[in-house]
Amino acid sequence: MSTVSMSVDLGGIEMRNPLNTASGTYGNGWQFEGFYDVGATLGAMTCKGVAAEPWDGNPAPRLAELPGSAIMNSVGLQNPGVRAFVDGHGAYLQGVRDRGCQVICQVVGHSIGEYVRAMELFEELAPFASGFEVNISCPNIARGGAAMGATCDGAAEVMRAVRPLTSRPVVVKMAPHDVAEIGRALEAEGADALSLINTIPGMAIDVRTRRSRLARATAGVSGPAVHAIAVRMVWECAQAVSIPICGIGGVATGADAAEMLLAGATAVAVGTANLYDPACAPRIASELGQWAQDQGVSDINELIGAFEC
Ligand SMILES: Cc1cc2nc3c(=O)[nH]c(=O)nc-3n(C[C@H](O)[C@H](O)[C@H](O)COP(=O)(O)O)c2cc1C
């Protein structure tokens, strides 16, 4: 058991340890209760993206396995809308928060108006939310998502619209490109923290049928295959902004999480690894604590950004 102080501050979201979960790979938490006590274990959990009104998502097949525990998905942010999300999961999520795990609710939209409406509903109906993650980076929807987060102007416009609607911390989920420039634009508009990366657009073709292995031509790649790219982007972004970053991308071990911290991340979210190793989060948290202890620090914050070239 590590004696290192593991608590970190993700832009006002006080986490008992740096371990978070990546949106869309963790259900809404209760699906993992059979493996460990979510509220007693994680620093934070991030819920699936939710819009003001229900979305159907994309046609199936939406998932394809790739070599090396990587996957591709084109789920397309299927969700029941904020009211049904709160009715279905709010009581459980309040319990998680009461046990010391911060609950981050993810906000999605196809347009500025939809982001605003979803944030207004969350603000009104979700007292259990410790903060919000605004997703401007989903590669699997035709309108909104990555299209809005692709430029500094688009990202700033979303942030300007939602920022005044809540006094709770706002994290922005970024796409895997231009992270320094777009990160700076988001910081200037009042983002409290940034999370990166979302999945990287890719293709998987069934050469026998000459068709995509998923219902859409392109889909988002995630898992260990994207880890090195994600670490590089966290490092680039961390040098450009002074707000904290949650590092996401292929984290499956304590060493992967430690790399994210050394590159400049304050917290780390586990994504695809939850799907093939559902008990991984507590193991990663304890491996991270052991690493910090082996580094001879008394506080994990001493290791954030401690990478030397
Ligand atoms: C099945 C699936 C669903 C996802 N849904 C969302 C989502 O709703 N919102 C979001 O911001 N990211 C979503 N993501 C992206 C993850 O949160 C994460 O950014 C990405 O998978 C990279 O991390 P990983 O390599 O650890 O999985 C999803 C990823 C997967 C695999």
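User: Which way does α2 pass α3, in a right-handed or a left-handed crossing?
Analyst: α2 passes α3 in a right-handed crossing. Keep in mind that this is a predicted model.

User: At what angle do they pack, and how far apart are the axes?
Analyst: Helix α2 covers residues 82-98 and helix α3 covers residues 112-125. They pack at an angle of about 30 degrees, with their axes 10 Å apart. α2 and α3 are therefore roughly parallel to each other. Angles under 35 degrees count that way.

User: Which residues meet there?
Analyst: From α2, V82, R83 and V86. They meet A118, L121, F122 and L125 of α3.

User: Which residues make the contact?
Analyst: α3 brings I112, Y115, V116 and M119. α5 brings E157, V158, A161 and V162. By class, the contact of α3 with α5 has 7 nonpolar residues, no polar ones and 1 charged.

User: Let's stay on V158. Buried or exposed?
Analyst: V158 is buried. It has 25 other C-beta atoms within 10 Å, and the cut-off for buried is 20 or more. V158 is found in helix α5, residues 152-162.

User: What is V158 in contact with, leaving aside its neighbours in sequence?
Analyst: Leaving aside neighbours within four places, V158 is in contact with I112, Y115, V134, I136 and M148.

User: And how are V158 and V116 placed?
Analyst: They are 42 residues apart along the chain. Their C-alpha atoms are separated by 8.5 Å.

User: New topic, the core. How many residues are in the largest nonpolar one?
Analyst: The largest nonpolar core has 101 residues. A118, L194 and V234 have the most contacts inside it. A118 also turns up on the α3 side of the contact with α2.

User: What does L194 touch?
Analyst: Not counting residues up to four places away in sequence, L194 touches V171, V172, M174, G183, L186, C237, V241, I243 and I245.

User: Now α8. How many of its residues are buried?
Analyst: 8 of the 10 residues of α8 are buried, so α8 is largely enclosed by the rest of the structure. The buried ones are G254, D256, A257, A258, E259, M260, L261 and A263.

User: What covers them?
Analyst: The cover includes α7 (227-240), β15 (245-248), β16 (267-270) and α10.

User: How does α8 pack on α10?
Analyst: Helix α8 (residues 254-263) and helix α10 (residues 280-294) pack at an angle of about 60 degrees, axes 8 Å apart. That makes α8 oblique to α10. α8 passes α10 in a right-handed crossing.

User: Which residues make that contact?
Analyst: On the α8 side, G254, A255, A257 and A258. On the α10 side, I284, E287, L288, Q290 and W291. The contact of α8 with α10 has 6 nonpolar, 2 polar and 1 charged residues.

User: What follows α8?
Analyst: G264 follows α8. The phi of G264 is positive, near 125 degrees.

Terms used
Residues numbered from 1 in each chain as written. Predicted model: local features only at pLDDT ≥ 70, side-chain atom pairs only at ≥ 80, totals over all residues. Core = buried A, V, L, I, M, F, W, Y, C linked by C-beta atoms within 7 Å. Buried ≥ 20, exposed ≤ 12 C-beta atoms within 10 Å, placed from the backbone. Contact = placed C-beta atoms within 7 Å. Axes fitted to C-alpha atoms, helices over the stretch in contact; angles between N-to-C directions. Helix = DSSP H or I, 4+ residues; strand = E, 2+ residues; numbered from the N terminus. Parallel < 35°, antiparallel > 145°, perpendicular 65-115°, else oblique. Left-handed = near helix turned anticlockwise from the far one by under 90°. Nonpolar A, V, L, I, M, F, W, Y, C, P; charged D, E, K, R; others polar.
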